[in-house]
Amino acid sequence: MALKIEARDVSVFFGNNQILHNINLGIEERAVTAIIGPSGCGKTTFLRTLNRLNDLSSDFRLQGDILLSNENIYGIDPILLRRRVGMVFQKPNPFPMSIFDNVAYGLRLQGIKDKETIQDKVKTALTAAGLWQEVSNRLNSNAFDLSGGQQQRLCIARAIAVDPEVLLMDEPTSALDPAATSKVEELILALKKNYTIVLVTHNMYQAARVSDFTAFFLNGYLVEFDTTDTIFTNPKDERTQRYVTGKFG
Amino acid sequence: MLNEKISEISSLLSEMGGLVEDDIVRCVRTLVEKDPSEADSVINELEPRINALEKQIDEECLITLARYQPVAHDLRRIVAVLKIDKDLERMGDHCENIARRAKEIIKEPLLKPLIDIPRMAETAQEITRQALDSFFKEDTQLARECIDKDILVDELQEQIIRELISYVLADPSTMNKALDLIFTSKDLERISDLATNIGEETFFLVEGSDIRHLGPKDQKE
Amino acid sequence: MKKRSDSFWVLLSAICYFSAVVFVIFVAVHLLRLSDGKLSLSFLFTNPDDGMTKGGVFSPLFGSIYLTLWVLVLSAPVGVLAGVYFAEFAPDNPITRILRNAIRTLSGVPAIVFGLFGLAFFVRMMNLGLSLLASALTLSIMNLPVIITTTEEALRLVPNSQKEAAIALGANSWEVWRDVSVKYASSGILSGIFLALSRALGETAPILLTGVVFYQPTVTLNPMHTFMAMPYHIFILATQHSKPTEALPIAAAAGFVLLILVLLARIFAFLYNRRVQRWL
């Protein structure tokens, strides 16, 4: 096991508000690392720091270092960084285009023009996202015709089509029904063979079900980080204990 | 996810069950064949492996409960497994008792030729195998059969005790040897009793019903 | 209880909606009745004749459409770009806020004031004289606030989730703008432009002082020339003509044509909106 992402003493500020305090966290390669915690604990902010999406806010400020494969992410062109670190959002957000074009979008951004290459990669991504069988006969229909769960898997296919190393998932099932949720969870388990996955969720049962490691955030601090087995059977910190037993948050 | 975890636990349990069956055969074989190496393998090989498996299964069950929150049939299965592995571990302990005692017994000539103790062991082993089978196959009929066989073991034990008492009355100096054999039969009786508990867990798993501590009449209803 | 009050409001808004439709139909029918059978295809394509008591409305109709085209060309690019600036690039500071409020206030200024400004600035100062160009510039100034504001609002309605989706895939800001913002905002921007154009089409006061004329025998494409326009033509026929009984049917018919023209512009905007919205 090797560390894919390393946060060293990371603090995040928006204006004068400090959102994250001295986070030290190592994310294992080809594993699912879940970040749990109550609303406003900074888990999403941390996730969006990893692909520099927070940079879009003018009052965002970062202290400390974040390393991707031992390379400081602020030494990488953000456009290239985001191709290596894909993201899936809370609500399914396919583009108003056909299913095919959605998945092909990232490839075309990279300047890939060859039709066959694009077709191959779209098929591979849709297959990996478990969607190929459901949509192969209607690739040209509008992505909005898909159900919510299918849309989210389409967004996952769109993210993995460009072959990222890391997949950030920001509460990817919070807008889905239980059946669609379990499909996405199965997908996450299948994807960890090839990708490093960081999963933010406020459904701690989801973290329990699919993750290998769990980090518990509270009020901008990393309270505890351990294997998921340990966090859910024998957490060391009193606050983690109270959170996973549902006594607050 | 949950299904994979359950089949992982089931295969661990089945491995443990196999070891315990082996355990019963070997500890008695020490007596029958006067071979202390069988007892040594029970004490030094099987027993530590059984104990380790119990811990491992317990931990896996704990993690499964914590991470997947199983309900209904799945929940009953995990709870049943937690009890069964406890039973199997106790059975292993009784085997170890028998093995340690057997090593002493065989140092001197036997009080009498062994007939009923090997038969008891055979029956206890059969009950164990059937009980575990009934659990894995979720077959309540098979479970009922093995629970009913426990009476055979009880009868054999009574017979053994009666016979040995008559030896002691005739010659009080045989007291020690007789007691050793009585304790051995007691251990075997306990083993078979624990095995029927596994059969009861099959009912709990399949029907969700608790048939423990009911008389035969109540059980029929 | 809740259901009942709900249905009350639904009914009320339905009544308001249909009364507006009924009113438009009423005006159209009334104009048709007053036009006394003057309306025909040739009415559209013949010039006014015989002291404007005979003939059609070709020259004012042509003038209005030609003027609107000039307004489109002059105001839409500037207005849209300004709207884009306010929505995407303007820093959030007092100057921006003052500018934004100034623009919104401008859209409330009466049309005649724009007419006076056009007369003073374009006709006199810029030495454009009474001309179609001066009128078009005046109407453009009047339209800019509408186009800027609707463009800005349309861009603000572009879902952030869509922009972030593109950014997270490695799109640069130009690509985000091209692939997401334009797609989502174009219908809103276009309907804003058509709204402004239909207003320009019906406005009299600003052109009255800057280039429209009572009568002119020929049509010309020269923007430095004076021109005839529908609203002014109707105004003259209905109120200033020496033979009101003969002029009135023509005024009504012309009014009907103008009404249809404005409706067409609106319907076009609506249909375009729907075509885009089908994808959203």
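I count two residues as in contact if their C-beta atoms, placed from the backbone, lie within 7 Å. I keep in mind that this is a predicted model.

**Entry 1: chain A against chain B**

I looked up which residues make the contact between the two chains. Chain A puts in nine residues and chain B puts in seven. I then asked which elements of chain A give two or more residues to its side of the contact. They are H7, helix H8 (204–210) and helix H9 (228–233). H9(A) gives the most to the side that touches chain B, namely four residues. I sorted the residues on the chain A side by class and noted four nonpolar, two polar and three charged.

**Entry 2: H6 and H7 in chain A**

H7 came up above, and I looked up how it packs with H6. Two packed helices are described by the angle between their axes and the distance between the axes. In chain A, helix H6 covers residues 148–161 and helix H7 covers residues 178–191. Their axes are 9 Å apart, and the packing angle is about 20°. Angles under 35 degrees count as roughly parallel, so H6(A) is roughly parallel to H7(A). I also noted that the crossing of H6(A) past H7(A) is right-handed.

Which residues meet here? From H6(A) I wrote down A:Gly148, A:Gly149, A:Gln152, A:Arg153 and A:Ile156. From H7(A) they are A:Ala180, A:Lys183, A:Val184 and A:Leu187. By class, this contact of H6(A) with H7(A) holds four nonpolar, three polar and two charged residues.

**Entry 3: chain C as a whole**

I turned to chain C and listed its elements. Chain C has eleven helices and two strands. Starting from the N terminus, the order in chain C is α-α-β-β-α-α-α-α-α-α-α-α-α. The C-alpha trace of chain C spans about 70 × 60 × 30 Å along its principal axes. Of the 280 residues in chain C, 38% are buried. I also looked up contacts in chain C between residues at least 6 apart in sequence, and 76% of them join residues at least 24 apart.

**Entry 4: the two domains of chain C**

Where are the domains of chain C? Domain 1 is residues 1–35 and domain 2 is residues 39–277. The C-alpha centres of these two domains of chain C lie 27 Å apart. For their contact, I noted six residues of domain 1 and eight residues of domain 2. On the domain 1 side that touches domain 2 of chain C, five residues are nonpolar, one is polar and none is charged.

Technical notes: Residues numbered from 1 in each chain as written. Chains lettered and ligands numbered in written order. Predicted model: local features only at pLDDT ≥ 70, side-chain atom pairs only at ≥ 80, totals over all residues. Axes fitted to C-alpha atoms, helices over the stretch in contact; angles between N-to-C directions. Parallel < 35°, antiparallel > 145°, perpendicular 65-115°, else oblique. Left-handed = near helix turned anticlockwise from the far one by under 90°. Nonpolar A, V, L, I, M, F, W, Y, C, P; charged D, E, K, R; others polar. Buried ≥ 20, exposed ≤ 12 C-beta atoms within 10 Å, placed from the backbone. Domains from an automatic or database assignment.
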